Structure formats: structure tokens, C-alpha cells
Amino acid sequence: MHKNIWKFWSLFCVTGAVIFILIPQIWIAFSSLLRTSGNFTLELNNDKINIIDADLEGFRVINDNQNKIYLLNDYDQELVLTLIEPGLTKIETNIKNFININRIGVNKLNFNFKNLKLRIEQLPPSFIFGDSDQAAEKKLKIIPVDDYYQMYHLNKTYITVVDSYKHLSFKNFFTVFKKSKYLSAITNSLIVTVVSSIIATIFAVPLAWFIARYNFKFRKGIIILVTMASVSPPFLGAYAWRLMLGSSGFITNFFGFDFSIMGMHGVIWVIIWLIYPLIFLTSLDSFMGMDPTLTESAHSLGASRVKAFLNIEIPLAMPGIITGLYLAGITAFSDFGTPMIITLNLEMLPKLIYQEFMNEIGGETHIASAGSMVMIFISGIFLAGQRLFLASKSFSSITTSKRKLDKPNTKIKLFIYIFSFLILSISFLPHIVVIITSFFEWSSGVVTNNLTLVNYKDLINTELVSIWVSLSTATGATILSFVFGTTIAYILIRKNYKIINFILNTLVMIPLIIPGTVFAIGLILVFNDEPIVLTGTWLILTLSYFLRRLPFAVKTSEATLYQMHPALEEAALSLGSKPLRVFVFITIPIMISGAITGMTLVFLRSITELSSTILLFRPPWKTMSIVIFERTIAPGTNFGIAASMAVLMMLITYLPLYLLSRGRNFEVA
Amino acid sequence: MRKIFNYFILLLSNILILSFISIWNIANAGNVVVYTASGPEIFEPIAKGFKSSNPGIDLSFIVLDTGEMFQRVKAEAGNPAADVTFGGSIASYENYSDLYASYDSPEDANKFSKDPDNKWHGFSIFAQPLMVNTNKVNESDYPATVNDLLDSKWQELGGIALADPNKSGTGHTIVSGLASGLGWDFTTDLIKVTIVTPGSTPMFEGVRDGEAAIGWVNEDLGAKWEAEGLPVKMIYALDAVTVQIDAYGLVSGGPNPDDAKKFIDYLGSKDGQKVAVDIVKRRSMRKDMEPPSGLPLLGDLPLFPEGEPRSVIKAKFTKIIESK
């Protein structure tokens with residue numbers, strides 16, 4: 001029974017992952033393969049009928065005489081339209097299995113066959129200038145007569161015909177790669193991801209190394225501050241940078257620069273500061289958990305400091321660095337808030353997919369699904385690369401002695417101080433800007449020069465509930481992440497379930513690469529109907545946060561576990577301890593450092609999450625980030641309340657973080 | 001161990017407080033949920049006005065981008081959470097008409113345009129004049145007509161911002177109106193020299209912040225910004241000006257249709273429309289109300305409505321952009 005407890009648990013996790021992670025994505029995949037046969041638009045001008053070339057999809061015009069149009073689609077369905085007299089068109093077709101004609105409005109109807117569902121709509125004379133009575137005059141009508149159909153319509157109008165019958169097809173993917181905006185979106189996203197990840201690593205890893213190795217006065221403070229820097233309430237980091245460095249930003253105006261942060265360089269800049277804490281924290285854990293004896297042996301054998309650093313310490317810390325790099329890269333790849341604010345028209349993949357879904361003019365859901373599949377594919381390649389790299393090496397050590405911290409000499413101490421100060425001051429610039437602007441009066445979307453507390457007063461009067469919603473959902477998600485994060489990491493690394501592990505690993509990583517909005521839509525569509533209705537509840541928000549952050553929790557637990565040799569557990573087992581006991585009393589305490597990093601990030605990220613929350617919430621479950629978002633997007637809005645809510649959010653997230661860091665010992669195991 | 005204990009206490013207290021709040025909220029029946037594309041500066045005065053004549057009904061507003069608003073109603077079609085959507089152009093309501101219930105509001109008879117299917121109800125009508133950034137453009141360079149925008153000087157001054165009709169109802173109105181008024185040849189040339197923005201808000205803010213020299217704006221927003229002293233100026237072109245009607249609708253299958261209908265009636269009534277005119281500064285849809293002060297009379301402007309249907313404008317625009 002005890003031997004099977006892990007097997008049982010892993011099966012349980014796999015089932016949960018399949019239901020909550022896999023099935024929604026399968027829906028998206030299926031949706032990406034659905035395609036309608038096409039659409040066309042006719043222009044009717046009394047005694048002339050024309051097909052509009054620009055708005056023709058799927059159907060081909062075989063023959064176009066003065067008043068007769070032959071149309072054929074990919075599925076051999078043929079339509080012949082003949083204008084008999086102004087207001088009357090004859091429709092002939094080879095399609096069998098006519099079902100019915102279903103009126104859905106004065107100017108709209110559905111013309112249904114078994115394999116073709118046409119929605120036909122005529123454009124009435126303008127509602128603004130025409131008489132509303134005139135619109136009702138000539139209703140759109142289709143009447144079956146013998147072996148053809150008669151369509152009655154306005155004399156001068158446009159008639160759009162759209163097929164909504166879905167066929168299975170791969171053509172959506174061709175569209176994704178053919179349309180230039182998708183190609184440039186993919187390219188831009190990749191460039192931003194790679195460049196920002198590399199640059200962030202260049203300063204995050206050395207900083208982590210210095211902090212792991214040396215002891216000095218503000219050491220703990222720096223670690224806490226970097227963790228805090230990764231919490232930027234959504235959109236606000238980007239908006240704050242734009243306030244500072246946009247065309248009419250504070251700094252740009254003050255110095256008279258002819259420069260704007262808008263553009264790809266701006267996106268890269270903002271994202272660097274968003275992701276470097278991830279790389280820092282995971283590298284820090286790796287450096288701190290490294291066995292010092294290896295380095296000491298190298299030194300005693302005559303290796304120079306630098307040589308030891310490059311040949312021993314960096315390779316040993318690889319799990320942490322690579323993990324951090326992967327997490328940072330994926331965050332950069334999937335972020336859409338930053339490009340929305342920092343560019344006018346730069347195409348980026350998550351933003352494009354989000355907009356295709358959200359298109360108010362009848363979104364290209366199936367194309368967006370295909371685009372989502374492409375994103376998943378690219379991210380899958382990143383994941384495979386990471387796994388391959390780490391699996392081919394062995395990183396663990398037998399002892400658990402942590403390194404002792406050195407006292408740095410003055411030169412090094414100064415260097416560390418300046419380096420950290422530079423990094424931290426840039427990280428916190430947006431936060432400071434937001435805090436300052438929260439004390440100024442806003443009017444019609446621009447900040448005035450009047451100092452005031454009205455933003456805070458309004459906040460307390462109207463949006464207090466959202467604070468409780470944010471806290472409770474984030475806490476619930478964090479607890480779930482801890483339980484499942486540590487246990488799944490343990491299964492993946494210690495247990496040899498070939499098939500289960502493979503499935504589990506892939507499934508658990510999936511949420512990381514799905515843009516939050518796509519993830520939310522998947523959840524809504526699966527859980528909006530019987531048998532399980534979760535939409536609009538507290539639970540679906542918590543679930544979404546937990547599932548989306550589970551990969552973080554698992555990866556950070558894994559990084560720590562990689563460095564712990566199984567011999568420790570085997571020793572305990574051979575002394576008679578049951579597997580569960582071994583896990584709780586030996587494995588978990590050793591994993592705690594990595595697990596806590598993971599949990600902290602889960603909590604912080606859940607509080608500030610926006611992209612899936614936007615779709616999943618319903619009153620009264622409105623979160624703090626939604627309040628901030630509502631107050632930021634509308635052009636004429638009062639941004640002041642968003643700023644004050646953001647300040648409150650910073651306070652609320654920094655407090656538990658501070659308590660946590662106080663209890664946590666950063667020096668010795 | 002203490003850390004875990006602390007977490008537990010946090011969670012417990014949250015759950016307790018949460019249950020209290022949710023019970024308290026559920027006790028509030030008579031609630032109408034409104035999804036809106038308008039900001040708080042528009043719906044807060046409306047909510048206040050409605051509350052004073054209908055004290056027993058609570059309104060909850062959720063603010064969303066126009067596109068998201070309709071997509072969300074579509075995704076929720078099996079179990080809608082919203083009673084009413086407020087904001088969005090007529091064309092969008094036509095596009096999503098399946099999601100709305102037909103309701104013949106008595107107030108609609110007083111409007112100068114109404115939906116024969118009674119699914120959308122016009123709230124206000126507003127024009128999209130040109131807007132320049134006064135820091136980037138001197139008064140001597142102000143355009144008199146849309147035709148003037150073809151002058152190459154605009155690229156040096158900072159560029160012309162135009163919202164993508166594929167993503168914005170406002171963008172569609174502008175392109176469609178310009179095409180029907182000034183022809184597709186001109187409009188094609190114009191589109192080729194614009195900076196296309198992924199929505200109307202980036203277009204407005206782009207000009208305001210100086211990221212572009214000129215663009216179009218909804219006149220009520222432009223008027224507010226001018227009054228605030230922002231570096232913008234609206235210009236009603238002498239050759240073509242477009243107009244939009246924004247509307248509201250009753251969601252089919254919503255939770256509280258009876259109270260929602262009262263809200264719909266209120267929005268069309270003189271009181272509700274008065275809010276539109278006085279506070280929001282938009283022209284009323286009612287035949288018996290004066291336009292807001294400061295805006296030119298619609299009758300004096302060369303107005304051009306949308307000519308071709310949405311799908312045609314989208315397709316033509318995309319073709320032009322891709323051939324740039």
C-alpha cells in the first residue's frame with residue numbers, strides 16, 4: 001500500500017491535469033482545424049449585380065456575366081445567382097438536402113442545407129440618414145420555387161453571404177504562415193524573448209553569484225528587494241515607463257530628448273526588468289545550494305578563482321540558471337500587456353492571438369486557435385531543449401553542507417553595492433512613479449499638479465471587496481501549488497514511471513505557454529455547461545491561478561531536488577522509514593528553499609494576474625487587478641484610482657513577502 | 001512550522017470574511033449587471049441618475065474593451081452573466097444580433113433612428129473630427145480637408161494615426177465614411193501613409209501623447225481634452241466627416257431581464273439622454289433634445305455614413321495594408 005501511494009498520487013495528478021489542462025487545449029486544437037467554406041459579398045444596384053473581389057473567401061467566381069454569377073467552393077458546392085429584376089434574384093444550386101429558411105431579423109436570414117449553412121444579410125439604408133421606416137419596407141426574403149429559390153431584397157444594397165458550416169481542414173495553418181502580420185508577430189515575439197532573456201541573464205546571474213558568495217550588510221535586503229521588483233501590478237510597469245519616457249513623458253520632456261520608449265526597444269527594455277528577478281532567484285538558489293567542497297578542492301589543487309568559477313561553479317549552477325532562463329523566456333514570450341501599452345502597432349504573437357479572439361467585428365477564432373497551436377509548438381521546443389540539456393548531465397552532491405559566506409574586501413564590497421544599487425533603482429523606478437502619481441489629481445486621463453488624497457478616498461468608498469477577493473484566491477492557489485508542486489517534482493525526479501512521468505511533465509508545463517486569455521477561454525468553454533459549471537465562481541479564479549503557476553512551483557522545486565542525491569532518502573528508507581514519512585521529514589525540508597521561492601512567486605503572480613482574470617471573473621468576484629485595469633484602459637478615465645489601488649496592491653503583497661523573508665534564513669541550511 | 005501556521009491563519013480569516021461578503025452580496029437581489037465599453041466618467045453619472053428614480057435596483061458595471069465585451073457575451077451565451085451591454089457601435093450589435101433579445105422600448109419611438117429588429121437601441125451619436133497634437137503641429141500647418149493629409153509633410157511632423165477597422169468600430173466608421181465620401185482611390189492612398197493602431201484608444205492616446213502628429217477622435221473626448229488644456233485641437237474637415245451611433249442592448253437569457261428593461265427604458269428617456277448631453281457631451285438620439293453646447297451642428301457638416309458592409313471594409317483595408 002505504501003509502495004503504491006506514490007503511484008496512486010501520480011495517477012490522480014495525471015487525471016486532474018488531463019481534465020483541467022489538456023481538455024481545454026484539445027478544444028482549442030480542434031477549433032484550429034475547423035474552417036468554414038467561405039463567404040462573399042454582392043453589390044446590387046437596381047439592374048446590376050456585382051461580386052466584390054476584395055471580400056471573397058473560399059468561393060471562386062467561375063463566370064461573371066452582366067447579371068449572372070457562378071460561384072464554386074472547395075467542396076464542390078455551386079451557387080448560381082441571376083438578377084431577374086431590381087429587387088429579385090434567382091438562386092440555383094447543386095446542393096441537395098435543403099433543410100429550411102430561418103428568419104433572424106428584418107434583413108437577415110439563415111439559408112440551411114445539410115452541408116451548407118448560409119447566413120445572408122442585406123445592408124439596409126444608413127440608420128443615421130435613412131428613414132427607419134424604409135428599412136422595414138423591403139424585407140429580405142427567400143422562397144423555394146420548384147427546383148430553385150427566389151430571393152427578394154432591396155433594389156440598392158449590399159448582400160453578404162457567410163457559410164457557417166464547419167469542415168475539418170489544415171488550411172487555417174496556411175493562413176497563419178501566409179499572412180504577413182502573423183509572420184512578423186512570430187519574428188518579433190522571438191526577437192524580444194531571446195534578446196531580453198540574454199540581457200537579463202547577463203546581469204542577473206553575476207548578481208546572484210555575488211549575493212550567494214559574500215556576506216555584507218544589506219545582503220538580505222537586496223534579495224528581498226529583487227523579489228519585490230518582480231511584482232509590478234499588471235500594465236502599470238509598462239504604463240509608468242511610458243509616462244516617463246514616452247514622447248511626452250516626464251523624463252523626455254525634462255531633458256528635451258527626441259526619443260520615445262514606444263517601439264520594440266521599449267518592449268525589450270520593460271520586459272528585461274520584468275523577468276530578471278526570475279533568473280536571479282533561481283540562480284541564487286543554485287549557487288547557494290552548491291556544495292562548497294568542490295570549489296575548495298579545485299582551489300587546493302591550484303585552480304585560479306576565475307577558472308574555478310567558470311569550470312566548476314557555473315556548470316554546477318546550470319540547473320538553476322537554465323530553469324530561470326526558461327521561465328523568463330516563456331514569460332517574455334507570453335506577455336501581452338507590455339506590447340499593448342508600449343507600442344502603437346508592433347505585432348507580437350500573444351497580443352495578436354488575443355486580439356483575434358477579442359475582435360469586435362466577429363473574431364477569427366479558428367485562426368487564433370491555429371496561432372495558439374503555433375505558440376504551443378515553439379514553446380514546446382524551448383522545453384525540449386531545456387530537458388535535453390539537463391538530462392544529459394548529473395548535478396547532485398552527496399553532502400548537504402551549504403557554503404559559508406565570505407567576507408568581501410572593500411573593493412568587492414563597493415562593486416557589489418554600486419551594481420545592486422543600479423539594478424534596484426531602475427527596477428523600482430516604475431513603482432516610485434506610480435506611488436507619486438497616486439497623490440496627484442487626475443483629470444480626463446492626464447495628471448494635474450494638484451496634490452490630493454482623493455484617489456485613496458474614492459478607493460475605500462468603492463472597491464474594498466476586491467482586496468478580499470484577490471487575497472483569498474491567491475492564497476488558495478498558493479496552497480494548491482505547494483502541495484502539487486512539491487509532490488509532482490518529487491515524482492518526476494525520483495520516481496521511474498516512464499510513461500506517467502512523461503505525460504505528467506508535458507501536461508504540467510502546458511499552462512506556462514498558453515497566453516492567459518486563451519487559457520481562460522478554454523476553461524470557460526469546458527466548464528460553462530453541465531456537468532460541471534464553474535464559470536463565474538471563486539473556484540475558477542483560484543483554479544486558473546493555481547494551474548497557470550503550477551509550472552513555476554514544479555520547476556523551482558525540481559531545481560532544488562536535482563542537487564539532492566537520492567542517497568539521502570535511500571538511507572532513510574533502508575533504516576525503516578515509510579516513503580511518505582521520508583518525503584515529509586527529509587525531502588521536503590531540503591526542498592523547502594526552492595519550494596518557498598516557488599510559492600512566493602505563485603502568490604505574488606496570482607495577486608497581480610490579469611489576463612485570465614479578465615475573462616473569468618463575474619461580480620462580486622472582482623479582483624484588485626481588474627480594478628486597476630478598468631481604470632487604465634478607457635481613454636478619458638481617472639488613472640488616479642488605478643495608481644492608488646496599485647500602491648495598495650504593493651503594500652499587500654510586500655507584507656507577506658517581508659514576513660516570509662524574515663523567517664527564512666539566507667545563510668545556512 | 002510557524003510559517004505554515006501563519007499562512008493558515010491568513011487563509012482562514014480570508015475565507016471567513018469572504019463568506020460574510022458573499023452572503024451579503026447574494027442578499028442583494030434586484031441587481032442588473034451591465035457590461036460596458038465606456039469608462040467610469042460615463043457610467044457613473046448614468047448610474048446615479050438611474051438610482052434616483054429606481055432606488056430598489058442596483059447596477060453593477062464591468063468595464064471591458066469593446067471587442068472583449070462582445071466576445072465575452074458570446075462566450076457566455078450558454079449561461080450569460082450580463083443583463084445589458086452598454087456601448088459599442090450599431091454595426092457590432094448587428095454582427096452579434098443573435099446574442100441579444102428583441103425589446104421594443106417605448107422610448108425608442110422618440111429617437112430619429114431605431115432598429116427594426118429592436119435589438120440595439122441608440123444612445124448617442126457623435127462625429128469623428130480630425131485631431132492634431134498642437135505641440136507637434138503649428139497652426140499654419142493645420143489641415144482644412146482630409147485631402148490635405150496626403151501632403152508628405154505629415155510624415156515629418158510625426159505621422160497620421162488610424163485605427164484598424166479590423167479591430168475597431170471607430171476605425172471602420174472612419175474608413176468606410178471616407179471611402180463613400182471621397183472615393184476608394186483617395187482612401188487607398190491615405191491608408192498607405194498612415195500608422196495603423198490596433199484600436200481606437202491607441203489612436204486617441206497616440207495623438208495626445210505626441211506619438212503621432214494627427215489622427216481622428218470622438219468629438220466628446222476631444223472636447224474634454226481641449227477643455228483640460230491638453231495639447232490637442234479638433235478640426236472638422238470641410239470635405240468629409242464621419243459619425244457613429246453607439247448603442248445598448250438587452251442580452252438574451254440574462255439573469256434579470258425585467259429590471260434590465262427598466263434600465264433600457266431609462267437610457268432612452270429624457271433623463272438618461274440628458275446625462276449623455278450634459279455630462280458625457282454627446283449628441284442625443286432623441287428627436288426632441290438639443291445638442292451639447294460647443295459642438296458644431298450636425299447639419300452644418302459634410303457627413304458621410306458608412307457605405308459598404310463591415311466585411312468588405314475589413315477585406316479591402318487588409319489588402320491595402322498587406323500590399324504596402
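Predicted model: local features only at pLDDT ≥ 70, side-chain atom pairs only at ≥ 80, totals over all residues.
Modeller: Residues are numbered from 1 along each chain as its sequence is written, chains are lettered from A and ligands numbered from 1 in the order in which they are written, and side-chain values use heavy atoms, with hydrogens and water left out.

Colleague: How many helices and strands does chain A have?

Modeller: Helices (H or I, at least four residues) and strands (E, at least two) are DSSP runs, numbered from the N terminus. On that basis, the secondary structure of chain A comes to 24 helices and 16 strands.

Colleague: Which are the edge strands of the open sheet of six strands in chain A?

Modeller: Two strands pair if DSSP finds at least two bridges between them, and here the antiparallel order in chain A is E3-E2-E13-E10-E9-E8. An edge strand of this sheet pairs on one side only, which applies to strand E3 (48-51) and strand E8 (98-105) of chain A.

Colleague: Which residue in E9(A) does A:Asn100 stand opposite?

Modeller: E8(A) and strand E9 (residues 108-113) of chain A pair in the antiparallel sense over six bridges. In E9(A), the residue that stands opposite A:Asn100 is A:Asn112.

Colleague: Why is the pair of B:Phe70 and B:Tyr96 classed as it is, and what is the class?

Modeller: Rings of Phe, Tyr and Trp (its six-membered ring) pair if their centres lie within 6.5 Å, and planes under 30 degrees apart count as stacked, over 60 as edge-to-face and the rest as tilted. B:Phe70 lies in helix H3 (residues 66-75) of chain B and B:Tyr96 in the loop between helix H4 (90-95) and strand E4 (120-128) of chain B, so the pair ties together parts 26 residues apart in sequence. Because the ring centres are 5.2 Å apart and the planes are at 5 degrees, the pair is stacked.

Colleague: Is A:Asp76 buried or exposed?

Modeller: Most residues other than glycine have a negative phi, whereas A:Asp76 has a positive phi of about 60 degrees. Its place is in the loop between strand E5 (68-73) and strand E6 (78-85) of chain A. Buried means under 20% relative accessible area, exposed over 50%, and partly exposed in between (1.4 Å probe, protein chains only); with a relative accessible area of 58%, A:Asp76 is therefore exposed.

Colleague: Is B:Asn118 buried or exposed?

Modeller: Phi of B:Asn118 is near 60 degrees, again a positive value in a residue other than glycine, and the residue is placed in the loop between H4 and E4 of chain B. The relative accessibility of B:Asn118 is 13%, so this residue counts as buried.

Colleague: The backbone oxygen of which residue lies 3.1 Å from a polar atom of the side chain of A:Thr608?

Modeller: A:Thr608 is placed in the loop between helix H21 (579-607) and helix H22 (613-616) of chain A, and it is buried, with a relative accessible area of 11%. The backbone oxygen at 3.1 Å from its side-chain polar atom belongs to A:Leu604.

Terms used: Polar contact = N/O pair within 3.5 Å; in protein donor to acceptor, adjacent residues only side chain to side chain.
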